Amino acid sequence: MQFLKEIKHRKGNFLLTVMAVSVAVALVVVFVTMTKASQNETRRLTRDMGFNLRIVPGQTDMNHFWVSGYSNMTMSGKNVDKLVDAKAIYYAHLTATLHKKIIWRDHDVVLTGISSDEKEPKGSIKSKMIFGIAPDKVYVGYEIAKSLEIAEGDQINVLGKLFQVQKVLAEVGSEDDIHLYFDLPTLQKLLKMEGRINEIMALNCLCSTGGDDPLEALRTQLIKILPDTKVIMNRTIAVARERQRKMVNAYFAWILPLVIIICAFWVGGMTLLNTMHRRHEIGTLRAIGMGAGAITNLFIQRALLAGFIGALIGFSAGTILSLTYGPDIFKVTAKAIKPLYYLLWWSFVLAPFFSVIASMIPIVHATGLQPANILKEE
């Protein structure tokens, strides 16, 4: 075929064009893969800020709530199931808890029971935000463990029942440091409060409610499902999480078009260089009767082939770079960085198109020149 002969004759320039397309595809693949990894990392890190919603019984004495850190009232644990059954709501990671302050070994401590599962109204499966505890184990807050010299593996007696210390928690600098954490059913039985809880912890992203102040929307939803409850939002965590998400999305939305434009100029430059070097050949071909359309078709076929080869090389190179360096950048979600094979098919569709479009201006310019004028330059 004529365009293959043309490539063989100018293989150096063709290889540069393939390189330009390959780099363009590789940059986009790396960019999209890293964007996805960055979004996962941001979502995970902001999620780890903690729960930002607390659903408590409607009769809660809020003065007691803020002083003690938990509600003085209880409600049915089935309220979690009611929220789950509602499905299309703005709550996620629904976790039932029970708190009770007691004097233990002459120290004020808070017994906290945490449900072993976090329920999702929309049925999605998400990684847990908080630890699960075996029925015969206990997690001990930092300050209690330090004051009473409790170590992991110790046996402790709480309200007449022995528990093994599974973990001594790190210092967090809050009332959590004086908590003893249990599996929820275990603590309910220990306190003779089977089926009762006094709080549902949950997570909300501002993007789900479409505004910077979703509390009213959350309360409107909650009152329809659980009219005898109220929701409290930690606005600091919620706003910080949403601002971080928007910042990441805006950054990558600005960078991607810039990367594509730079690569388009590069591919176009390679084609322009090729056509400029071949001005006299083009003039000769035109002089012996080859039409502008045939010459244009020759260069388009060349650009298409460069696009296909560049798509394969670029996807492979971009994926290898992402898998090699991505885990070092995004350590929390490193295992989630995987090849995005749908980008390969998009590369085979868009890279040839991209290569042809970037080449059209120099191709039209070269074929539009008068053969006589070109040959006069000889």
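Contact, as used on this tour, means heavy atoms within 4.5 Å. The model is predicted: local features need pLDDT of at least 70, side-chain atom pairs count only at pLDDT 80 or more, and totals for chains, interfaces and linings use all residues. Residues are numbered from 1 along each chain as its sequence is written, and side-chain values use heavy atoms, with hydrogens and water left out.

**Stop 1: T186 and its surroundings**

Select T186, which lies in helix α6 (residues 184–190). Helices (H or I, at least four residues) and strands (E, at least two) are DSSP runs, numbered from the N terminus. Which residues does T186 touch, not counting residues up to four places away in sequence? They are P135, K161 and F163. T186 is buried, at a relative accessible area of 13%; buried means under 20%, exposed over 50%, and partly exposed in between (1.4 Å probe, protein chains only).

Two of these contacts, K161 and F163, deserve a selection of their own. K161 lies over the face of F163, 5.5 Å from the ring centre. The criterion is that NZ of Lys or CZ of Arg is within 6 Å of the ring centre and within 35 degrees of the ring normal.

**Stop 2: the sheet**

Next, display the strands. An open sheet of nine strands, with mixed pairing, runs in the order β6-β7-β5-β8-β4-β3-β10-β1-β11. Two strands pair if DSSP finds at least two bridges between them. At the edges are β6 (155–158) and β11 (229–233), each of which pairs on one side only.

Select β3 (residues 92–104) and β4 (residues 107–114), which pair in the antiparallel sense over eight bridges. Within this pairing, K101 has V110 in β4 as its bridge partner. Helix α4 (residues 78–86) lies across β1 (53–57), β3, β10 (199–203) and β11, and runs at about 165° to β3. Axes are lines fitted to C-alpha atoms, for helices over the stretch in contact, and angles run from 0 to 180 degrees between N-to-C directions.

**Stop 3: two loop residues with positive phi**

Most residues other than glycine have a negative phi. Select D106, in the loop between β3 and β4: its phi is positive, about 65°, although D106 is not a glycine. D106 counts as exposed, at 76% relative accessibility. Then move to L159, in the loop between β6 and β7 (161–168). L159 is not a glycine either, yet has a positive phi of about 55°, and at 45% relative accessibility L159 counts as partly exposed.

**Stop 4: the aromatic pairs**

A search of the whole structure finds five aromatic pairs. Rings of Phe, Tyr and Trp (its six-membered ring) pair if their centres lie within 6.5 Å; planes under 30 degrees apart count as stacked, over 60 as edge-to-face and the rest as tilted.

Select F315 and Y341. Their ring centres are 6.3 Å apart and their planes stand at 45°, so the pair is tilted. F315 is in helix α11 (residues 292–329) and Y341 in the loop between α11 and α12 (342–367), 26 residues apart.

Finish at W345 and F348, both in helix α12 and three residues apart, about one turn of the helix. The ring centres of W345 and F348 are 6.4 Å apart with planes at 45°, so this pair is tilted. W345 counts as exposed at 57% relative accessibility, and F348 as partly exposed at 25%.
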